[in-house]
Amino acid sequence: MESSSSSSDDWSKDCSTIFLTTIVGAASLILAAEAESSLSRTGRAALNRDREAAQDSLNTVRYSPKRPVENDVNGMNLVSNTRSTSGAKSQTIGAKRQKKTNEGLKDTGLQINGHPQTNALASENVATTNSKLETEIEKSLSSGQQDALNSKKRPCAFCHSSSQTEGSGPFVSFAQGKEVVGSLANFSKVTHVHRNCIQWAPRIYFKDGIIQNLESEVTRANKLKCSSCGKKGAGLGCYMETCQRSYHVPCAYYIPECRWDDTYLMLCPKHRKMKFPSEMEADDVKQDTEKRTSTHLNPCTTPLDARQNLVFCGSDLSTEEKCSVVEFASNNEAVVFRYWKPNVTHVIAATDSNGACTRTYKVLMAILNGVWIVSVEWVNACMEAGCLVNEEPYEVHLDTHGCTGGPKAGRLRVLNNGPKLFKNLEFYFVGDYIEAHKSDLKELVTTAGGTIIEARGQLLSSSNDADGDEDVKRVSLVVYNADLSDHSEFYDEDSIRFQRLAAAEDIAQQSRSQIIQHTWILESVAACRLLPFTSGVQ
(Lines give C-alpha, C1' and ligand atoms only; values in the text may rest on other atoms or scores of the structure.)
Protein backbone atom coordinates (compact mmCIF):
# COMPACT_ATOMS: atom_id res chain seq x y z
CA MET A 1 0.00 0.00 0.00
CA GLU A 2 2.81 2.37 0.82
CA SER A 3 4.39 1.64 -2.56
CA SER A 4 1.09 2.31 -4.31
CA SER A 5 0.60 5.57 -2.37
CA SER A 6 4.14 6.70 -3.22
CA SER A 7 3.60 5.99 -6.92
CA SER A 8 0.36 7.93 -6.85
CA ASP A 9 2.07 10.93 -5.25
CA ASP A 10 4.91 10.81 -7.83
CA TRP A 11 2.36 10.63 -10.66
CA SER A 12 0.50 13.67 -9.22
CA LYS A 13 3.74 15.64 -9.02
CA ASP A 14 4.60 14.76 -12.61
CA CYS A 15 1.17 15.87 -13.77
CA SER A 16 1.51 19.13 -11.83
CA THR A 17 4.94 19.74 -13.37
CA ILE A 18 3.66 19.01 -16.87
CA PHE A 19 0.64 21.26 -16.31
CA LEU A 20 2.79 24.11 -14.95
CA THR A 21 5.24 23.73 -17.86
CA THR A 22 2.36 23.85 -20.33
CA ILE A 23 0.95 27.00 -18.71
CA VAL A 24 4.38 28.70 -18.75
CA GLY A 25 4.94 27.75 -22.39
CA ALA A 26 1.54 29.07 -23.41
CA ALA A 27 2.14 32.32 -21.52
CA SER A 28 5.52 32.70 -23.24
CA LEU A 29 3.96 32.24 -26.66
CA ILE A 30 1.17 34.73 -25.91
CA LEU A 31 3.57 37.40 -24.61
CA ALA A 32 5.98 36.77 -27.49
CA ALA A 33 3.12 37.30 -29.95
CA GLU A 34 2.22 40.57 -28.19
CA ALA A 35 5.88 41.65 -28.35
CA GLU A 36 6.02 40.86 -32.06
CA SER A 37 2.81 42.82 -32.64
CA SER A 38 4.24 45.74 -30.66
CA LEU A 39 7.43 45.56 -32.68
CA SER A 40 5.42 45.53 -35.89
CA ARG A 41 3.55 48.66 -34.88
CA THR A 42 6.80 50.27 -33.69
CA GLY A 43 8.57 49.29 -36.89
CA ARG A 44 5.82 50.78 -39.04
CA ALA A 45 5.87 54.03 -37.07
CA ALA A 46 9.67 54.23 -37.30
CA LEU A 47 9.51 53.43 -41.01
CA ASN A 48 7.01 56.24 -41.58
CA ARG A 49 9.19 58.70 -39.67
CA ASP A 50 12.30 57.59 -41.57
CA ARG A 51 10.52 58.02 -44.89
CA GLU A 52 9.44 61.51 -43.88
CA ALA A 53 12.99 62.36 -42.77
CA ALA A 54 14.41 61.05 -46.02
CA GLN A 55 11.86 63.06 -48.05
CA ASP A 56 12.63 66.21 -46.02
CA SER A 57 16.33 65.85 -46.74
CA LEU A 58 15.53 65.72 -50.48
CA ASN A 59 13.50 68.97 -50.51
CA THR A 60 16.39 71.37 -51.14
CA VAL A 61 15.77 74.95 -52.37
CA ARG A 62 17.78 77.58 -54.27
CA TYR A 63 20.91 79.24 -53.84
CA SER A 64 22.20 82.62 -54.92
CA PRO A 65 25.61 82.37 -56.59
CA LYS A 66 27.93 85.30 -56.29
CA ARG A 67 28.56 85.51 -59.99
CA PRO A 68 25.98 83.88 -62.27
CA VAL A 69 26.56 82.53 -65.73
CA GLU A 70 24.76 84.76 -68.21
CA ASN A 71 23.53 82.73 -71.14
CA ASP A 72 20.39 82.35 -73.17
CA VAL A 73 17.53 81.63 -70.81
CA ASN A 74 16.09 78.90 -73.03
CA GLY A 75 19.41 77.08 -72.73
CA MET A 76 18.57 76.95 -69.02
CA ASN A 77 21.91 78.49 -67.94
CA LEU A 78 20.30 80.55 -65.22
CA VAL A 79 21.14 81.58 -61.68
CA SER A 80 19.02 80.80 -58.67
CA ASN A 81 18.33 81.37 -55.01
CA THR A 82 18.18 78.36 -52.79
CA ARG A 83 18.68 77.65 -49.16
CA SER A 84 21.27 75.11 -48.10
CA THR A 85 20.25 72.00 -46.15
CA SER A 86 22.14 69.41 -44.13
CA GLY A 87 21.95 65.64 -43.89
CA ALA A 88 21.36 65.68 -40.14
CA LYS A 89 17.96 64.00 -40.38
CA SER A 90 19.20 61.07 -42.43
CA GLN A 91 22.16 60.59 -40.07
CA THR A 92 19.89 60.15 -37.05
CA ILE A 93 17.47 57.67 -38.63
CA GLY A 94 19.25 54.65 -37.13
CA ALA A 95 19.41 56.17 -33.65
CA LYS A 96 15.72 57.11 -33.68
CA ARG A 97 14.74 53.64 -34.91
CA GLN A 98 16.73 51.85 -32.17
CA LYS A 99 15.36 54.12 -29.46
CA LYS A 100 11.77 53.55 -30.54
CA THR A 101 12.27 49.77 -30.79
CA ASN A 102 13.72 49.63 -27.27
CA GLU A 103 10.80 51.63 -25.89
CA GLY A 104 8.39 49.14 -27.47
CA LEU A 105 10.06 46.29 -25.56
CA LYS A 106 9.98 47.76 -22.07
CA ASP A 107 6.87 45.84 -20.98
CA THR A 108 7.50 42.54 -22.78
CA GLY A 109 9.37 40.82 -19.90
CA LEU A 110 7.83 37.53 -18.60
CA GLN A 111 7.21 36.90 -14.90
CA ILE A 112 6.23 33.61 -13.21
CA ASN A 113 5.33 33.59 -9.54
CA GLY A 114 6.84 37.04 -9.18
CA HIS A 115 10.22 36.04 -10.66
CA PRO A 116 11.39 37.60 -13.97
CA GLN A 117 12.13 35.15 -16.78
CA THR A 118 14.25 35.57 -19.93
CA ASN A 119 12.27 35.92 -23.14
CA ALA A 120 14.63 34.60 -25.81
CA LEU A 121 11.94 34.71 -28.48
CA ALA A 122 11.38 38.43 -27.92
CA SER A 123 15.13 39.07 -28.30
CA GLU A 124 15.15 37.25 -31.59
CA ASN A 125 12.16 39.31 -32.73
CA VAL A 126 14.07 42.51 -31.94
CA ALA A 127 16.90 41.55 -34.27
CA THR A 128 14.55 40.23 -36.94
CA THR A 129 12.33 43.34 -36.87
CA ASN A 130 15.33 45.70 -37.07
CA SER A 131 16.68 43.80 -40.06
CA LYS A 132 13.28 43.82 -41.80
CA LEU A 133 12.82 47.51 -41.00
CA GLU A 134 16.14 48.47 -42.58
CA THR A 135 15.25 46.46 -45.68
CA GLU A 136 11.83 48.16 -45.93
CA ILE A 137 13.41 51.60 -45.60
CA GLU A 138 15.92 50.85 -48.34
CA LYS A 139 13.16 49.58 -50.60
CA SER A 140 10.98 52.62 -49.89
CA LEU A 141 13.56 54.99 -51.34
CA SER A 142 13.88 55.20 -55.09
CA SER A 143 17.36 55.09 -56.58
CA GLY A 144 17.14 58.81 -57.31
CA GLN A 145 16.28 59.56 -53.67
CA GLN A 146 19.13 57.37 -52.45
CA ASP A 147 21.50 59.20 -54.81
CA ALA A 148 20.28 62.54 -53.47
CA LEU A 149 20.71 61.42 -49.86
CA ASN A 150 24.17 60.02 -50.54
CA SER A 151 25.22 63.17 -52.40
CA LYS A 152 24.64 65.13 -49.19
CA LYS A 153 27.42 63.11 -47.59
CA ARG A 154 29.85 63.27 -50.51
CA PRO A 155 32.29 66.18 -50.19
CA CYS A 156 33.19 68.57 -52.97
CA ALA A 157 36.18 67.32 -54.96
CA PHE A 158 37.75 70.78 -54.62
CA CYS A 159 37.09 72.20 -51.13
CA HIS A 160 36.27 68.82 -49.49
CA SER A 161 33.23 70.31 -47.74
CA SER A 162 29.90 68.48 -47.62
CA SER A 163 27.89 71.62 -46.81
CA GLN A 164 26.23 74.16 -49.12
CA THR A 165 26.60 77.88 -48.50
CA GLU A 166 26.03 81.06 -50.46
CA GLY A 167 29.74 81.08 -51.20
CA SER A 168 29.88 77.50 -52.45
CA GLY A 169 26.64 77.33 -54.39
CA PRO A 170 24.75 74.02 -54.80
CA PHE A 171 26.27 70.62 -55.40
CA VAL A 172 26.41 69.40 -58.99
CA SER A 173 27.51 66.00 -60.31
CA PHE A 174 29.47 65.30 -63.48
CA ALA A 175 29.89 62.02 -65.31
CA GLN A 176 31.48 61.51 -68.71
CA GLY A 177 31.89 65.27 -69.05
CA LYS A 178 28.23 66.21 -68.56
CA GLU A 179 26.21 67.40 -65.60
CA VAL A 180 23.97 64.60 -64.36
CA VAL A 181 20.43 65.09 -63.09
CA GLY A 182 18.47 62.29 -61.44
CA SER A 183 19.81 58.80 -60.73
CA LEU A 184 23.57 58.26 -60.75
CA ALA A 185 23.27 54.47 -60.88
CA ASN A 186 24.15 54.28 -64.58
CA PHE A 187 27.57 55.86 -64.10
CA SER A 188 30.64 54.12 -62.69
CA LYS A 189 32.54 57.35 -61.97
CA VAL A 190 30.86 60.52 -60.78
CA THR A 191 32.57 63.73 -59.62
CA HIS A 192 30.69 65.86 -57.05
CA VAL A 193 31.58 69.55 -56.82
CA HIS A 194 30.13 72.88 -55.74
CA ARG A 195 28.99 74.95 -58.69
CA ASN A 196 31.04 77.98 -57.65
CA CYS A 197 34.15 75.82 -57.15
CA ILE A 198 34.12 74.75 -60.81
CA GLN A 199 33.08 78.16 -62.14
CA TRP A 200 36.13 79.80 -60.55
CA ALA A 201 38.63 77.03 -61.35
CA PRO A 202 40.92 78.85 -63.83
CA ARG A 203 41.39 76.04 -66.37
CA ILE A 204 37.85 74.66 -66.48
CA TYR A 205 35.59 75.61 -69.37
CA PHE A 206 32.81 74.07 -71.45
CA LYS A 207 33.03 73.08 -75.10
CA ASP A 208 29.92 71.82 -76.91
CA GLY A 209 28.30 71.18 -73.53
CA ILE A 210 31.23 69.05 -72.27
CA ILE A 211 33.26 70.19 -69.25
CA GLN A 212 36.98 70.42 -69.96
CA ASN A 213 39.96 69.80 -67.60
CA LEU A 214 37.85 68.82 -64.59
CA GLU A 215 40.06 65.93 -63.45
CA SER A 216 43.33 67.79 -64.00
CA GLU A 217 42.05 70.84 -62.10
CA VAL A 218 40.95 68.68 -59.17
CA THR A 219 44.42 67.08 -59.11
CA ARG A 220 46.14 70.48 -59.27
CA ALA A 221 43.92 71.98 -56.55
CA ASN A 222 44.55 69.08 -54.17
CA LYS A 223 48.25 69.91 -54.16
CA LEU A 224 47.59 73.45 -52.89
CA LYS A 225 46.65 74.51 -49.36
CA CYS A 226 44.06 77.19 -48.71
CA SER A 227 45.59 80.38 -47.29
CA SER A 228 42.49 80.80 -45.13
CA CYS A 229 41.71 77.36 -43.61
CA GLY A 230 44.97 75.53 -44.33
CA LYS A 231 43.31 72.53 -46.01
CA LYS A 232 44.13 71.23 -49.50
CA GLY A 233 41.94 71.69 -52.56
CA ALA A 234 42.55 75.42 -53.04
CA GLY A 235 42.03 75.85 -56.78
CA LEU A 236 41.50 79.64 -56.81
CA GLY A 237 44.72 81.65 -56.87
CA CYS A 238 45.33 85.37 -56.64
CA TYR A 239 45.49 87.07 -60.05
CA MET A 240 48.85 88.68 -59.15
CA GLU A 241 51.38 86.38 -60.85
CA THR A 242 53.99 86.66 -58.09
CA CYS A 243 51.47 85.92 -55.32
CA GLN A 244 51.54 82.40 -53.88
CA ARG A 245 48.19 82.58 -52.09
CA SER A 246 45.45 80.14 -53.06
CA TYR A 247 41.98 79.70 -51.61
CA HIS A 248 38.92 77.51 -51.59
CA VAL A 249 36.21 79.53 -53.33
CA PRO A 250 33.85 79.40 -50.29
CA CYS A 251 36.69 80.54 -48.00
CA ALA A 252 37.63 83.50 -50.23
CA TYR A 253 33.96 84.43 -50.61
CA TYR A 254 33.74 85.29 -46.92
CA ILE A 255 36.94 87.38 -46.87
CA PRO A 256 35.70 90.98 -47.32
CA GLU A 257 39.08 92.23 -48.54
CA CYS A 258 39.17 89.92 -51.57
CA ARG A 259 38.22 91.57 -54.88
CA TRP A 260 36.38 89.77 -57.67
CA ASP A 261 35.99 90.38 -61.40
CA ASP A 262 33.34 89.23 -63.89
CA THR A 263 36.03 87.40 -65.85
CA TYR A 264 36.46 84.93 -62.95
CA LEU A 265 39.56 86.54 -61.51
CA MET A 266 40.27 87.27 -57.85
CA LEU A 267 42.74 89.49 -56.02
CA CYS A 268 43.75 88.55 -52.47
CA PRO A 269 43.66 91.12 -49.64
CA LYS A 270 47.36 91.96 -50.06
CA HIS A 271 46.99 92.79 -53.78
CA ARG A 272 43.44 94.12 -53.78
CA LYS A 273 44.61 97.55 -55.07
CA MET A 274 45.95 96.04 -58.29
CA LYS A 275 43.82 96.34 -61.42
CA PHE A 276 42.09 93.58 -63.34
CA PRO A 277 42.53 93.44 -67.15
CA SER A 278 38.97 94.73 -67.63
CA GLU A 279 39.76 97.75 -65.44
CA MET A 280 42.93 98.49 -67.39
CA GLU A 281 40.96 98.25 -70.66
CA ALA A 282 38.39 100.64 -69.25
CA ASP A 283 41.14 103.14 -68.47
CA ASP A 284 42.47 102.86 -72.04
CA VAL A 285 38.98 103.37 -73.49
CA LYS A 286 38.47 106.37 -71.23
CA GLN A 287 41.70 107.97 -72.43
CA ASP A 288 40.78 107.37 -76.08
CA THR A 289 37.33 108.85 -75.49
CA GLU A 290 38.81 111.96 -73.88
CA LYS A 291 41.04 112.47 -76.91
CA ARG A 292 38.13 112.03 -79.33
CA THR A 293 35.85 114.42 -77.44
CA SER A 294 38.42 117.09 -76.60
CA THR A 295 37.41 119.11 -79.67
CA HIS A 296 33.69 118.26 -79.50
CA LEU A 297 31.33 121.22 -79.05
CA ASN A 298 29.36 119.48 -76.31
CA PRO A 299 31.62 116.90 -74.63
CA CYS A 300 30.12 114.61 -72.01
CA THR A 301 32.48 115.62 -69.22
CA THR A 302 29.94 116.92 -66.71
CA PRO A 303 27.07 115.07 -65.02
CA LEU A 304 24.00 114.74 -67.21
CA ASP A 305 20.72 116.41 -66.34
CA ALA A 306 19.46 113.23 -64.70
CA ARG A 307 15.71 112.68 -64.60
CA GLN A 308 16.17 110.04 -61.92
CA ASN A 309 18.79 108.01 -60.10
CA LEU A 310 20.23 105.95 -62.93
CA VAL A 311 20.98 102.29 -62.24
CA PHE A 312 22.35 100.27 -65.16
CA CYS A 313 22.64 96.53 -65.68
CA GLY A 314 24.34 95.02 -68.72
CA SER A 315 23.12 91.94 -70.59
CA ASP A 316 25.47 89.82 -72.71
CA LEU A 317 27.81 92.76 -73.34
CA SER A 318 31.28 92.46 -74.82
CA THR A 319 34.29 93.74 -72.90
CA GLU A 320 34.39 96.93 -74.96
CA GLU A 321 30.67 97.54 -74.44
CA LYS A 322 31.04 97.00 -70.70
CA CYS A 323 33.80 99.58 -70.63
CA SER A 324 31.58 102.12 -72.41
CA VAL A 325 28.77 101.58 -69.91
CA VAL A 326 31.13 101.84 -66.92
CA GLU A 327 32.65 105.03 -68.28
CA PHE A 328 29.24 106.57 -68.97
CA ALA A 329 28.06 105.72 -65.47
CA SER A 330 31.19 106.92 -63.68
CA ASN A 331 31.10 110.29 -65.43
CA ASN A 332 27.47 110.83 -64.51
CA GLU A 333 27.08 109.52 -60.98
CA ALA A 334 25.13 106.49 -62.10
CA VAL A 335 25.41 102.97 -60.65
CA VAL A 336 26.21 99.80 -62.59
CA PHE A 337 25.16 96.39 -61.27
CA ARG A 338 26.50 93.12 -62.59
CA TYR A 339 23.33 91.27 -61.59
CA TRP A 340 19.65 92.04 -61.69
CA LYS A 341 18.30 94.12 -58.79
CA PRO A 342 14.81 95.58 -58.28
CA ASN A 343 16.03 99.19 -58.52
CA VAL A 344 17.60 98.84 -61.99
CA THR A 345 16.32 101.57 -64.33
CA HIS A 346 17.95 100.46 -67.60
CA VAL A 347 19.04 97.07 -68.88
CA ILE A 348 21.60 97.74 -71.59
CA ALA A 349 21.62 94.74 -73.92
CA ALA A 350 23.93 93.66 -76.69
CA THR A 351 22.15 93.21 -80.03
CA ASP A 352 22.95 91.41 -83.28
CA SER A 353 22.75 92.76 -86.82
CA ASN A 354 18.94 92.44 -86.72
CA GLY A 355 18.67 94.41 -83.49
CA ALA A 356 17.76 91.27 -81.51
CA CYS A 357 19.00 90.71 -77.97
CA THR A 358 19.77 87.43 -76.23
CA ARG A 359 16.96 86.26 -73.96
CA THR A 360 18.66 86.41 -70.55
CA TYR A 361 17.31 86.35 -67.01
CA LYS A 362 18.01 90.11 -66.76
CA VAL A 363 15.98 90.85 -69.89
CA LEU A 364 13.00 88.81 -68.69
CA MET A 365 13.05 90.42 -65.24
CA ALA A 366 13.25 93.86 -66.89
CA ILE A 367 10.12 93.07 -68.95
CA LEU A 368 8.20 92.02 -65.83
CA ASN A 369 9.31 95.11 -63.91
CA GLY A 370 8.63 97.60 -66.71
CA VAL A 371 12.27 98.66 -67.03
CA TRP A 372 13.83 100.15 -70.15
CA ILE A 373 15.72 97.62 -72.30
CA VAL A 374 17.95 99.59 -74.65
CA SER A 375 20.88 98.87 -76.91
CA VAL A 376 24.41 100.16 -76.31
CA GLU A 377 23.71 102.79 -78.99
CA TRP A 378 21.64 104.67 -76.40
CA VAL A 379 24.73 105.01 -74.19
CA ASN A 380 26.78 106.24 -77.15
CA ALA A 381 24.06 108.74 -78.11
CA CYS A 382 23.90 110.12 -74.56
CA MET A 383 27.66 110.57 -74.44
CA GLU A 384 27.62 112.22 -77.83
CA ALA A 385 24.83 114.63 -76.86
CA GLY A 386 26.09 115.33 -73.36
CA CYS A 387 22.67 114.67 -71.89
CA LEU A 388 20.11 111.93 -71.54
CA VAL A 389 18.40 111.33 -74.86
CA ASN A 390 15.00 109.73 -75.40
CA GLU A 391 15.24 105.96 -74.90
CA GLU A 392 12.40 104.98 -77.21
CA PRO A 393 14.34 105.05 -80.52
CA TYR A 394 16.91 102.73 -78.90
CA GLU A 395 14.46 100.37 -77.17
CA VAL A 396 14.99 96.71 -78.02
CA HIS A 397 11.91 95.10 -79.58
CA LEU A 398 13.16 91.68 -80.69
CA ASP A 399 14.97 88.74 -79.09
CA THR A 400 17.01 86.00 -80.75
CA HIS A 401 14.07 83.56 -80.52
CA GLY A 402 11.94 85.78 -82.75
CA CYS A 403 9.69 87.13 -79.99
CA THR A 404 8.72 90.79 -80.55
CA GLY A 405 7.17 93.62 -78.57
CA GLY A 406 7.73 92.23 -75.07
CA PRO A 407 9.89 95.05 -73.61
CA LYS A 408 7.50 97.83 -74.64
CA ALA A 409 4.41 95.86 -73.61
CA GLY A 410 5.92 95.16 -70.20
CA ARG A 411 6.91 98.80 -69.71
CA LEU A 412 3.42 100.06 -70.61
CA ARG A 413 1.74 97.44 -68.40
CA VAL A 414 3.64 98.71 -65.35
CA LEU A 415 3.26 102.37 -66.39
CA ASN A 416 -0.52 101.98 -66.58
CA ASN A 417 -0.73 99.92 -63.37
CA GLY A 418 -2.05 96.94 -65.30
CA PRO A 419 -2.58 93.51 -63.69
CA LYS A 420 0.43 91.27 -63.38
CA LEU A 421 1.00 88.79 -66.17
CA PHE A 422 0.45 85.57 -64.17
CA LYS A 423 -2.31 86.82 -61.89
CA ASN A 424 -4.59 83.95 -60.68
CA LEU A 425 -2.24 81.31 -62.14
CA GLU A 426 -0.80 78.54 -59.96
CA PHE A 427 2.28 76.57 -60.98
CA TYR A 428 3.29 73.09 -59.85
CA PHE A 429 6.71 71.90 -61.09
CA VAL A 430 7.04 68.16 -61.67
CA GLY A 431 10.00 65.97 -62.69
CA ASP A 432 13.74 66.50 -62.91
CA TYR A 433 15.24 70.01 -63.05
CA ILE A 434 18.64 71.43 -62.36
CA GLU A 435 17.83 73.13 -59.09
CA ALA A 436 19.37 76.49 -60.04
CA HIS A 437 17.28 76.63 -63.23
CA LYS A 438 14.13 75.64 -61.40
CA SER A 439 14.73 78.41 -58.85
CA ASP A 440 15.00 81.03 -61.60
CA LEU A 441 11.77 79.82 -63.20
CA LYS A 442 10.03 80.15 -59.85
CA GLU A 443 11.45 83.65 -59.42
CA LEU A 444 10.03 84.66 -62.81
CA VAL A 445 6.64 83.19 -61.89
CA THR A 446 6.38 85.01 -58.56
CA THR A 447 7.59 88.30 -60.06
CA ALA A 448 4.85 87.96 -62.68
CA GLY A 449 2.23 87.55 -59.93
CA GLY A 450 1.88 83.76 -60.11
CA THR A 451 1.67 81.37 -57.17
CA ILE A 452 4.02 78.42 -56.60
CA ILE A 453 2.47 75.19 -55.33
CA GLU A 454 5.17 73.14 -53.60
CA ALA A 455 3.33 69.92 -52.65
CA ARG A 456 1.12 67.57 -54.63
CA GLY A 457 -1.46 67.50 -51.85
CA GLN A 458 -1.60 71.29 -51.94
CA LEU A 459 -2.33 71.12 -55.68
CA LEU A 460 -5.22 68.70 -55.18
CA SER A 461 -6.60 70.81 -52.33
CA SER A 462 -6.30 73.97 -54.41
CA SER A 463 -8.30 72.44 -57.26
CA ASN A 464 -11.10 71.54 -54.84
CA ASP A 465 -11.09 75.03 -53.31
CA ALA A 466 -11.32 76.60 -56.76
CA ASP A 467 -14.59 74.72 -57.40
CA GLY A 468 -16.25 76.46 -54.49
CA ASP A 469 -14.94 79.96 -55.23
CA GLU A 470 -16.80 81.38 -58.19
CA ASP A 471 -15.46 84.92 -57.72
CA VAL A 472 -11.82 83.98 -58.35
CA LYS A 473 -11.08 81.99 -61.51
CA ARG A 474 -7.76 80.39 -60.69
CA VAL A 475 -5.97 78.13 -63.16
CA SER A 476 -3.54 75.45 -62.01
CA LEU A 477 -0.66 74.57 -64.33
CA VAL A 478 1.53 71.47 -64.10
CA VAL A 479 4.98 72.38 -65.47
CA TYR A 480 7.38 69.71 -66.77
CA ASN A 481 10.96 70.17 -67.94
CA ALA A 482 11.31 69.98 -71.73
CA ASP A 483 15.06 70.58 -71.69
CA LEU A 484 17.08 67.38 -72.22
CA SER A 485 20.55 68.91 -72.55
CA ASP A 486 21.42 67.87 -68.99
CA HIS A 487 21.10 64.13 -69.66
CA SER A 488 23.74 61.66 -70.70
CA GLU A 489 24.04 60.43 -74.26
CA PHE A 490 23.12 56.96 -72.97
CA TYR A 491 19.57 58.09 -72.33
CA ASP A 492 16.94 57.90 -75.05
CA GLU A 493 15.71 61.48 -75.35
CA ASP A 494 12.31 60.58 -76.79
CA SER A 495 11.72 58.12 -73.97
CA ILE A 496 12.65 60.68 -71.32
CA ARG A 497 10.48 63.32 -72.96
CA PHE A 498 7.43 61.07 -73.03
CA GLN A 499 8.04 59.87 -69.47
CA ARG A 500 8.04 63.45 -68.23
CA LEU A 501 4.89 64.24 -70.17
CA ALA A 502 3.16 61.10 -68.86
CA ALA A 503 4.01 62.00 -65.26
CA ALA A 504 2.64 65.53 -65.78
CA GLU A 505 -0.54 64.18 -67.40
CA ASP A 506 -1.15 61.85 -64.47
CA ILE A 507 -0.94 64.67 -61.94
CA ALA A 508 -2.93 67.07 -64.13
CA GLN A 509 -5.73 64.56 -64.52
CA GLN A 510 -6.01 64.08 -60.77
CA SER A 511 -5.97 67.82 -60.06
CA ARG A 512 -7.90 68.92 -63.17
CA SER A 513 -4.99 71.16 -64.18
CA GLN A 514 -3.49 72.31 -67.47
CA ILE A 515 -0.10 70.98 -68.64
CA ILE A 516 2.70 73.22 -69.94
CA GLN A 517 6.37 72.89 -70.75
CA HIS A 518 8.78 75.09 -68.81
CA THR A 519 9.41 77.04 -72.03
CA TRP A 520 5.82 78.35 -71.90
CA ILE A 521 6.85 80.51 -68.94
CA LEU A 522 9.84 81.94 -70.82
CA GLU A 523 7.90 82.58 -74.03
CA SER A 524 4.98 84.24 -72.22
CA VAL A 525 7.27 86.55 -70.25
CA ALA A 526 9.32 87.41 -73.36
CA ALA A 527 6.12 88.36 -75.23
CA CYS A 528 4.50 89.88 -72.11
CA ARG A 529 1.25 88.05 -72.85
CA LEU A 530 -0.21 84.67 -72.00
CA LEU A 531 0.35 82.14 -74.76
CA PRO A 532 -2.05 79.22 -75.37
CA PHE A 533 -1.56 76.25 -73.04
CA THR A 534 0.14 73.52 -75.04
CA SER A 535 1.48 70.26 -73.67
CA GLY A 536 2.49 68.41 -76.81
CA VAL A 537 5.96 66.94 -77.12
CA GLN A 538 8.07 68.85 -79.60
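What is the volume of the largest cavity in this structure? The largest cavity has a volume of about 70 Å³.

Before I turn to the details, a word on the source. This is a predicted model, in which local features need pLDDT of at least 70 and side-chain atom pairs count only at pLDDT 80 or more, while totals for chains, interfaces and linings use all residues. Residues are numbered from 1 along each chain as its sequence is written, and side-chain values use heavy atoms, with hydrogens and water left out.

Let me begin with the cavities. A cavity here is a set of points, on a 1 Å grid over the protein atoms alone, where a 1.4 Å probe fits but cannot get out; lining residues have an atom within 4 Å of a point. Grid points are joined across faces, edges and corners, and a volume is the space filled by probe spheres set on the points. By this rule there are 2 cavities of 30 Å³ or more.

The largest cavity is lined by Cys 357, Arg 359, Val 363, Leu 364, Ile 367, Val 396, His 397, Leu 398, Asp 399, Cys 403, Pro 407 and Ala 526. By class, this lining has 9 nonpolar, 1 polar and 2 charged residues. In that scheme Ala, Val, Leu, Ile, Met, Phe, Trp, Tyr, Cys and Pro are nonpolar, Asp, Glu, Lys and Arg are charged, and the others, Gly among them, are polar. Helix H11 (361–369) and strand S17 (398–399) each supply at least two residues of the lining, and the largest share, 3 residues, comes from H11. Helices (H or I, at least four residues) and strands (E, at least two) are DSSP runs, numbered from the N terminus.

The second largest cavity holds about 50 Å³ of space. Among the residues lining this second cavity are Phe 158, Trp 200, Leu 236 and His 248. Its lining has 7 nonpolar, 3 polar and no charged residues.

I now return to H11 and its helix neighbours. Two packed helices are described by the angle between their axes and the distance between the axes. Axes are lines fitted to C-alpha atoms, for helices over the stretch in contact, and angles run from 0 to 180 degrees between N-to-C directions. The axes of H11 and helix H17 (residues 518–527) come within 8 Å and cross at roughly 55 degrees, which means that H11 is oblique to H17. With helix H14 (residues 435–447), H11 packs at an angle of about 15 degrees, the axes being 10 Å apart; H11 and H14 are therefore roughly parallel to each other. For these terms, angles under 35 degrees count as roughly parallel, over 145 as roughly antiparallel, 65 to 115 as roughly perpendicular and the rest as oblique. H11 passes H17 in a left-handed crossing, and H11 passes H14 in a left-handed crossing too. Left-handed means that the near helix is turned anticlockwise from the far one by less than a right angle.

Finally, the sheets. Two strands pair if DSSP finds at least two bridges between them. Strand S14 (residues 346–349) is joined to S16 by 4 bridges, and His 346 stands opposite Trp 372 in S16.

Key:
On a 1 Å grid over the protein atoms alone, a cavity is a set of points where a 1.4 Å probe fits but cannot get out, and a pocket is an open set with protein on both sides within 12 Å along at least five of seven lines; lining residues have an atom within 4 Å of a point.
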